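I'll jot down what I look up as I go.

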Amino acid sequence: CFFHSWSFLQTAVKTKVSILEIESSVSKYGINLAGERISFVRQFRGMTQDEVSDKLGLDGENKRRSMARYESGDRKPKENRLLEIANILKVNPKIIKEYNFQNQEDLIYMLLWMEEQYPRMSLDFNILEYLQEQNKLLLNFMDEWNDMRRKRLSHEITYEEYIEWKFQYEVKEGEINETNS
């Protein structure tokens, strides 16, 4: 079940388990499917597969099948097609791409999605102490995310505003360079 995967991720962050073990565990539970994210955003936007297909310029019998295959994970959109889909759905392309868990930035986007796929999951923000010593990129993200979650829970922002923040979230360029140096 997913909670095993989330517990594994928390333990991995605290105990420095290899990123390959995290990737294997998370993928095993179906969290890494870009198609699910494309489907979620499309439905959140109130669009049908046919509407997205029309905007992509797809027609004929392949029209619906192409989007259905992207969303089911049977087919992965190439980078230029993914950019087109992101533009149509009005999201940061990094939100709907396939993730590589050796990339810390991808880990951030995956965490944002885990909350939507598993809304009852408990986030242990105590891992911030570990992150503070190890990784400014993840620490800055966790601080910002925790602030947005607090605003949503206290009704300072709506659920829709919170989701839009996630759809548009972008790691700041300086944070990436700080982590890599």
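I looked up R45 first: R45 is partly exposed, with a relative accessible area of 24% (buried is under 20%, exposed over 50%, partly exposed in between, with a 1.4 Å probe and protein chains only). This is a predicted model, where local features need pLDDT of at least 70, side-chain atom pairs count only at pLDDT 80 or more, and totals for chains, interfaces and linings use all residues. Residues are numbered from 1 along each chain as its sequence is written, and side-chain values use heavy atoms, leaving out hydrogens and water.

Which residue forms a salt bridge with R45? I found E164, with the closest N and O atoms 2.2 Å apart (a salt bridge needs a side-chain nitrogen of Lys or Arg within 4 Å of a carboxyl oxygen of Asp or Glu). The pair links distant parts of the chain, 119 residues apart: E164 sits in helix α11 (residues 159–168), R45 in the loop between α3 and α4 (49–56). I take helices from DSSP runs (H or I, at least four residues), numbered from the N terminus. E164 is partly exposed too, at 27%.

I counted eight salt bridges in the structure.

Next I checked R150, which meets D147 in a salt bridge at 2.8 Å, N to O. Both lie in helix α10 (residues 136–153), three residues apart, about one turn of the helix. R150 also bridges to E156, at 2.7 Å. Salt bridges that share partners join D147, R150, K151 and E156 into one network. For accessibility I noted 41% for R150, 30% for D147 and 48% for E156.

Notes:
Helices (H or I, at least four residues) and strands (E, at least two) are DSSP runs, numbered from the N terminus.
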